[in-house]
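Here are my notes on this entry, written as separate points. Please read them with the structure open beside you.

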Amino acid sequence: MPDEAETGGEELQFVDRTGSRERAGQQIRLADMARRLPRLVRRSVALAWSIDRWACLGLLVCQVASGAMQALGLLAVSGTIAALLAGGDIYGRLLAAWPSLVMLAGAAAARALLGITVAWLSSRLGPQMSREAELGLLRAVTEVELSAYDAPGFNHRKEAAERGAEVAQDLVTEGQDLIASLASLIAGAGVLTALHPALLPLLALASFPQAVAQISAARVRYLARLRSNGDYRLLSILRWHVGDRYAADQIRAGTMSSFLVGRYRHITDRINRADRRAADTGARMSVLGALCGGVASAAVWAAVVWLLATGRMSVGHAGTAVFALQTVGMALRGLVVGGARIMRTGLYMDDWSAFLREAGGYRMNRGTTVPGPPQQITVQDLVFRYEEAANDAVRGVSFTLRRGEVVALVGYNGSGKTTLAKLLSGLYLPTTGSVTWDGVPTGELDPQAMWSHVALVPQDYARWPLTARENMTLGQPTSGGDADIHAACARSGADEVLTELRSGLDTVLARDWLGGQELSGGQWQRIALTRAFYRPAGLLVLDEPTAALDPLGEHRIFAGLRQLAATRAVVLITHRLTNVACADRILVLHKGRIVQQGTFPELVAEPGPFRDLWAYQHTREAADPAADGRSADDCAPSAHPAPGVPVPVPAPQPAPHGDTVPRTRKSTEGERTSASAEAETDAEAEAEAP
Ligand SMILES: Nc1ncnc2c1ncn2[C@@H]1O[C@H](COP(=O)(O)OP(=O)(O)OP(=O)(O)O)[C@@H](O)[C@H]1O
C-alpha cells in the first residue's frame with residue numbers, strides 16, 4: 001500500500017497550536033537562565049519539601065556541608081603545599097604538613113560520605129516526586145469537561161504535562177547538582193579571592209564563552225526534541241496499534257505489517273534527521289565555545305604564572321590556586337550544564353503546573369446544586385457543536401423525557417444520537433439552548449452528584465482490568481451486596497457469564513494478568529449492561545446496548561426494559577428498529593434535528609426517514625430471516641408489516657407477552673403513556689424468559 005506521505009495525501013500529525021512551548025524553549029538563554037534558576041530551585045525544593053521534608057532538609061544540609069568540606073579541603077591543600085615547600089629538613093616539613101594532610105583526608109572522606117547520603121536521599125525522594133506529580137495530573141484530568149477531549153489543544157497540553165510529571169524526579173538530582181555546584185563555586189571562589197582578587201573575575205570571564213555555547217547547544221537540542229514531539233507521539237501510537245492484541249488478527253489477515261513498519265520507519269527517519277541536525281549544530285557551538293574558552297583559560301594560567309614570576313604570589317598559594325581554579329572551573333561548568341538541564345526540566349514542569357492550575361483550560365466550572373434522580377429532563381432549543389467542527393452536531397432540539405418513559409433515538413449514522421444522549425446525561429453542556437433536570441440546567445448541577453444518577457452503556461464500553469465484581473459495581477457497591485449484583489446479572493444475562501468464570505465475581509477480567517480470564521465481545525457487553533442495571537440511577541442511557549449480543553441475549557434485554565423504566569427515564573439508541581417498538585416514544589434525528597417523533601405504529605405509518613429505514617430493514621429481514629435472529633413480533637407485532645407489504649398502518653392492540661404498551665397512542669409532551677406503569681408486572685415475567 002503506498003504511503004500517504006508519498007502520495008501527497010494528508011498525514012497524521014500533532015501540532016502545538018499555542019506555540020507556547022516553542023516560545024518557552026527559545027528562553028533557554030544565559031540571561032533568562034540567571035533570572036529563572038532561583039525560581040526553579042525554589043520550586044524543586046518546595047515540591048520536595050511538600051513530599052518529604054526530612055529528606056529535603058537532609059539534602060540541603062548535606063550540600064551545604066559538602067561545600068564547606070570543599071573549602072576546608074582547599075585550605076588544607078594550601079597548608080600542605082606551604083608546609084612542604086617551606087625550608088628545613090624533609091621530616092620537619094612532613095611533620096608540619098601532617099595536620100593539613102589529616103584535614104585534607106578528613107574533608108575528602110566527609111565529602112564522599114555526604115555524596116553517598118545525597119544519592120541515597122535523592123533516590124528516595126525523586127521517584128516519589130514523579131508519583132505525586134502523576135497523581136496531581138490524574139486528579140486534574142478527571143476534573144475536566146468531557147468536551148476537552150475533542151479539543152486538539154487539550155490533548156497536546158495533557159501530553160506535555162505527562163512529560164512534566166515523568167521528569168519531576170529529575171528535579172531532585174538536577175537541583176542537587178546545581179546546589180552542589182553552587183557550594184563548590186562559593187568555596188572555590190572564596191579561596192581564590194583570598195589568594196588573589198584578580199583571579200576570580202578572570203576565571204569568570206574565561207568561562208563565559210563556554211557557558212554561552214553550552215546553553216545554546218542545550219536550547220538547540222530542546223527545540224529539536226520539541227519539534228519532534230508530535231512524531232514521538234505518532235511512534236508511540238503506532239507501537240501500540242502494532243503491538244496490542246486488539247489488532248493483531250487484523251494486521252495478520254490484512255497483511256499490514258510491512259505497511260505499518262514502513263510508516264514507522266518513515267517517521268523515525270524524520271526524527272533521526274532532526275536529531276542529527278540538532279547534534280551537528282550543538283557540536284559546532286560546543287567546539288566554538290571550547291576554542292574561545294581554551295584561549296581564555298590560557299590567559300588565566302598565564303596570569304597565575306605572571307603572579308608567581310613577579311613574586312606577587314607564593315609557590316604554596318600558586319599550588320592552591322591551581323586546585324581552586326580547577327574547582328571553580330568545574331563548578332561553573334556544572335552550573336551551566338546543570339542550569340540548562342534544570343531549565344529544560346523546568347519548562348516541562350511549567351507545562352505540568354499550568355495543566356494542574358487550569359486543567360488544560362477545561363476545568364469543570366459548574367454549579368453546586370445537588371439533584372435527586374431526575375423526574376423530568378427537558379430539552380429546549382438545544383444546539384451543540386464540537387470544538388472546531390464546521391457544523392452543529394445537534395441543532396434546535398426540544399423534547400421532554402420523564403421518569404418511567406423509554407425514549408428511543410433513531411437515525412442514520414452521524415445524525416447526532418450519541419451526542420444528544422451525552423447532553424441529556426450532562427456529559428456535554430449545550431452550546432446554546434438548555435437541558436434541565438427538574439428545572440435546573442445541567443451546567444448548574446454538581447457534576448458528580450448528577451452523574452451518580454446516570455447509568456450509561458456507551459457504544460464502546462470500558463473493559464476494566466479489574467475483578468468481575470468491580471467491573472459491575474464500578475467500585476461503588478450498594479448496601480444490597482452481592483445479591484444486588486446477581487439481580488443485575490439476571491437482567492443482563494451476565495449470570496451465564498459468571499458460571500464460566502474461574503473464581504466467579506472475584507475473577508480478574510484480563511487475560512494478561514495473573515489468574516485473569518478474558519471474555520468474548522458479547523460477554524463483555526453483558527458485563528457493561530450489568531453495570532448500568534446495577535447502578536441505582538434515575539437516567540439510563542443505552543447506546544447500541546445489544547450490538548454484540550446473541551438473539552436470546554438481546555431478547556432478554558428488551559423484554560426487561562419496561563420493568564427497568566418503572567424507576568428510571570430510559571434513553572435507547574439502536575439501529576435495530578424492531579427493538580425500538582418497545583419505546584414509548586421514538587425521536588428520529590437527521591443531521592442533528594428531530595425530523596419525526598411518535599410511537600412506533602405512528603412512525604411506520606407516516607412517510608419519512610423512519611418508514612424508509614423500517615421498510616428497508618424489514619424487507620431485508622423478511623427476505624433473510626437469519627439476518628435477525630429474533631422475531632420482530634417480540635415487541636410489537638401489530639406494528640410489523642406483513643411480508644410483501646412495505647409499510648402497513650398498524651392496528652392498536654396489546655402486544656403479546658403481556659406488554660400492554662398502547663402502540664398507536666401518541667406520547668405527546670407532558671403526557672406519560674400508561675404503558676410504563678402497567679407493563680411492569682408482565683415485563684418482570686418476561687425477564688425470566690430465556
Ligand atoms: N468528538 C467529536 N468531535 C467532533 N465531531 C464529532 C465528535 N463526535 C461526533 N462528532 C460529529 O457529530 C455528529 C454526530 O455524531 P454522533 O456520534 O452523535 O452521531 P450518531 O447519530 O450517534 O452516529 P452513529 O449512529 O454512527 O453512532 C457527526 O457528524 C460526527 O462526525
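**Helices, domains and ligand**

1. The model is predicted. Residues 286-309 are 100% helix and 0% strand, with 34 Å between the end C-alpha atoms. Residues 315-336 are likewise 100% helix and 0% strand, and their end C-alpha atoms lie 31 Å apart.

2. After α9 comes glycine 311, with a positive phi near 70°.

3. Which residues of α9 are buried? They are Arg263, Ile267, Ala278, Gly289, Gly293 and Val300. The cover over these buried residues includes α7 (199-243) and α10 (315-358).

4. The domain assignment divides the protein into domain 1 (4-16 + 30-361), domain 2 (376-453 + 537-687) and domain 3 (464-536). The centres of domain 1 and domain 3, taken over C-alpha atoms, are 50 Å apart.

5. The ligand has a shell of residues around it, among them Asp150, Tyr386, Asn413, Lys417 and Thr418. By type, the shell holds three nonpolar, seven polar and two charged residues. Helix α11 (residues 417-424) supplies the largest share of this shell, three residues.

How values were computed. Residues are numbered from 1 along each chain as its sequence is written. This is a predicted model: local features need pLDDT of at least 70, side-chain atom pairs count only at pLDDT 80 or more; totals for chains, interfaces and linings use all residues. A residue is near a molecule or strand if its C-beta atom, placed from the backbone, lies within 6 Å of it. Helices (H or I, at least four residues) and strands (E, at least two) are DSSP runs, numbered from the N terminus. Ala, Val, Leu, Ile, Met, Phe, Trp, Tyr, Cys and Pro count as nonpolar, Asp, Glu, Lys and Arg as charged, and the others, Gly among them, as polar. Domain bounds come from an automatic or database domain assignment. A residue is buried if 20 or more other C-beta atoms lie within 10 Å of its own, exposed if 12 or fewer, and partly exposed in between; C-beta atoms are placed from the backbone. Two residues are in contact if their C-beta atoms, placed from the backbone, lie within 7 Å.
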